[in-house]
Amino acid sequence: MRSAFLFVFLITTALPAMAGSAYDSVFDLPALPDPARYGNVLISRSTRSSTHPSVSFSHWVHRQHYTCRVCHFELNFEMKTNATEITEAKIKKGEYCGACHNNQIAFGVSDDTCAFCHTGNLGATDARFPELKALPKARYGDKINWVKSLKKKLISPKQSILDEDYEPIPFDKVLRLEPEWSGIQTRALFPHLQHTVWLDCADCHPDIFNIQKKGTRHFRMDYISKGKFCGACHLTVAFPIQDCKRCHPDLK
Ligand code: HEC
Ligand code: HEC
Ligand code: HEC
Ligand code: HEC
Ligand code: HEC
Ligand code: HEC
């Protein structure tokens with residue numbers, strides 16, 4: 001009830017007058033963590049019932065070196081914490097983290113490295129965050145503008161670790177997504193290119209988005225802010241929903 005009321009109020013009365021920060025409560029946006037911890041996750045699916053601390057994983061440490069596609073397409077990590085069946089045995093066989101944490105690409109699994117991963121601490125990489133200070137800034141989230149960082153070649157993340165010659169399919173279509181409700185200036189832009197430099201088509205199609213234009217039903221902010229559609233990435237790893245204007249350039 002409350003959110004339905006707020007929603008109607010927002011689109012009829014309040015929207016034109018509101019400043020960015022006031023939207024947070026309307027859409028029930030999750031509070032943002034400290035920038036150094038934005039995109040950090042604690043994996044505890046199996047460790048919660050073992051004597052080993054849970055495993056911390058930092059997106060900003062890794063995305064400087066690898067695109068999302070490497071992990072979320074080639075290596076089959078789910079885009080949902082604790083959804084992937086990662087086990088120590090699989091890592092030692094070279095799956096999941098073990099595709100790189102093998103003493104060749106990065107430190108491997110041995111008695112003196114257990115604690116590098118099993119930290120039980122979301123802030124395990126805090127001290128390294130200043131390493132990113134030369135990258136272009138954004139307003140929210142980890143406050144790094146990853147689009148500009150890539151464009152200016154300040155980072156050059158690998159697109160593939162399985163196929164040396166892999167090049168993303170060039171697909172440069174910008175879609176204008178119109179609201180289900182007419183009469184408000186909230187057209188959202190979806191630029192394919194800014195996504196396909198990081199992601200595989202299969203990261204979005206067909207599970208998150210229908211491949212037909214306007215095929216995605218109930219494309220609305222209240223769903224997005226609960227983790228559906230754009231919210232699958234733009235709440236936790238890519239720049240967060242608080243950064244309205246990057247998707248809605250017309251929004252005042
Ligand atoms: C490169 C990171 C990494 C290193 C190094 C590492 N682990 Fe893990 N380990 C993980 C991840 C990720 C999981 C899955 C965590 C979960 O689901 O709770 C895991 C799970 C486990 C589990 C849970 C049960 C199971 O069989 O999967 C145990 C026990 C474990 N690790 C022990 C160790 C020990 C002992 C070492 C050192 C010899 C070690 N790990 C080194 C990443 C690592
Ligand atoms: C080096 C590997 C790696 C890279 C690169 C990577 N991820 Fe992840 N990502 C993971 C792992 C591991 C998890 C946790 C999966 C699990 O616990 O099942 C995860 C989880 C996520 C989640 C869920 C977060 C949450 O709070 O539940 C999202 C969303 C996500 N990744 C998006 C991305 C995006 C977008 C990119 C590229 C900008 C990216 N990832 C790059 C490994 C990676
Ligand atoms: C695609 C390759 C790749 C995968 C997959 C990967 N890593 Fe890494 N990881 C690296 C590289 C390379 C580094 C070193 C990066 C650096 O120091 O800047 C690293 C660094 C780390 C660090 C050190 C961070 C610090 O404090 O300095 C931890 C911890 C870590 N990875 C955990 C994990 C865990 C846990 C997983 C699986 C859930 C994982 N990694 C999957 C390549 C990978
Ligand atoms: C990651 C991209 C993204 C961000 C960031 C974002 N939106 Fe949206 N928004 C969308 C999409 C996609 C739609 C659905 C299509 C449309 O209405 O244009 C939408 C729809 C809307 C609508 C239309 C009514 C509704 O609920 O669908 C309003 C109002 C709106 N957004 C306001 C905001 C405000 C305010 C912010 C900042 C707090 C924001 N949006 C941030 C992508 C985004
Ligand atoms: C980050 C998510 C994402 C990725 C990655 C992605 N797409 Fe899309 N795609 C979308 C969205 C959102 C729509 C619009 C869906 C709607 O309107 O219901 C769309 C629509 C489309 C459409 C229909 C366009 C139209 O005008 O009718 C095609 C074709 C398409 N995508 C192809 C691709 C291809 C090919 C790739 C890989 C090169 C790709 N997409 C990667 C999110 C993505
Ligand atoms: C599968 C993950 C994922 C999904 C789903 C997704 N995005 Fe993104 N998006 C990213 C990543 C990664 C970037 C690169 C920037 C970053 O990481 O902050 C990005 C960048 C963008 C940019 C470029 C901003 C700029 O400054 O140029 C826009 C606009 C955008 N997304 C809008 C959307 C909209 C609208 C949707 C839903 C229709 C959506 N995204 C869905 C991952 C995703």
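Start by selecting ligand 3 and the residues around it: the shell divides into 15 nonpolar, four polar and one charged residue. The classes work like this: Ala, Val, Leu, Ile, Met, Phe, Trp, Tyr, Cys and Pro are nonpolar, Asp, Glu, Lys and Arg are charged, and the others, Gly among them, are polar. Bear in mind that you are looking at a predicted model, where local features need pLDDT of at least 70 and side-chain atom pairs count only at pLDDT 80 or more, while totals for chains, interfaces and linings use all residues. Residues are numbered from 1 along each chain as its sequence is written, chains are lettered from A and ligands numbered from 1 in the order in which they are written, and side-chain values use heavy atoms, with hydrogens and water left out.

**Stop 1: still at ligand 3**

The shell holds 20 residues, and His-62, Cys-97, Cys-100, His-101 and Arg-128 come nearest. To be in the shell, a residue needs a heavy atom within 4 Å of the ligand. Now show the polar contacts, meaning pairs of N or O atoms within 3.5 Å; inside the protein, one atom must be able to donate a hydrogen and the other to accept it, and residues adjacent in sequence count only if both atoms are side-chain atoms. Pick His-62 and you'll find a polar side-chain atom 2.8 Å from a nitrogen atom of ligand 3. His-101 puts a side-chain N or O atom 2.7 Å from a ligand nitrogen, whereas His-65 has a polar side-chain atom 3.0 Å from an oxygen atom of the ligand. Switch to cartoon view: strand S2 (55-58), helix H4 (68-74) and H6 are the elements that give two or more residues to this shell. Those labels are DSSP runs numbered from the N terminus, with helices (H or I) of at least four residues and strands (E) of at least two.

While you're here, click Cys-100. Buried or exposed? It is buried, with a relative accessible area of 12%. Here buried means under 20% relative accessible area, exposed over 50%, and partly exposed in between, using a 1.4 Å probe and protein chains only.

**Stop 2: ligand 1**

Next, select ligand 1, which has 21 residues around it; the closest are Thr-47, Glu-88, Cys-114, Cys-117 and His-118. By class, this shell has nine nonpolar, nine polar and three charged residues. Helices H5 (88-92) and H6 (114-117) each supply at least two of the shell residues.

Zoom in on the oxygen atoms of the ligand. A backbone N or O atom of Ser-46 sits 3.0 Å from one oxygen atom of ligand 1, and a backbone N or O atom of Ile-43 is 3.5 Å from an oxygen atom of the ligand. His-118 places a polar side-chain atom 2.8 Å from a ligand nitrogen.

Which residues coordinate the iron atom of ligand 1? Glu-88 (OE) and His-118 (NE2) do, at 1.9 to 2.0 Å. Donors are N, O and S atoms within 2.8 Å of the metal (3.2 Å for Na, K and Ca); water is not among the atoms, so sites may look incomplete. The six donor atoms subtend angles of 76 to 179°, so the arrangement is octahedral. In the chain, Glu-88 belongs to helix H5 and His-118 to the loop between H6 and helix H7 (146-151), so trace the 30 residues that separate them.

Met-221 lies in helix H10 (residues 221-224) and His-248 in the segment after helix H11 (244-247), so the pair ties together parts that are 27 residues apart in sequence. The octahedral label asks that six donors have opposite members over 155 degrees apart and all other angles between 65 and 115. Met-221 is partly exposed at 22% relative accessibility, whereas His-248 is buried at 14%.

**Stop 3: the iron atom of ligand 6**

Here the protein donors are His-195 (NE2) and His-234 (NE2), lying 2.0 Å from the iron. The six donor atoms subtend angles of 85 to 180°, which again makes the arrangement octahedral. Look for His-195 in helix H8 (residues 192-196) and His-234 in the loop between H10 and H11, 39 residues apart. Both histidines, His-195 and His-234, are buried.

**Last stop: Asn-145**

Finish in the loop between H6 and H7, where you'll find Asn-145. Asn-145 is buried, with a relative accessible area of 9%, and its side chain reaches the backbone nitrogen of Lys-148 at 2.9 Å.

Note on methods: Four donors count as tetrahedral if all angles lie between 85 and 135 degrees; four count as square planar and six as octahedral if opposite donors are over 155 degrees apart and all others between 65 and 115; anything else is irregular.
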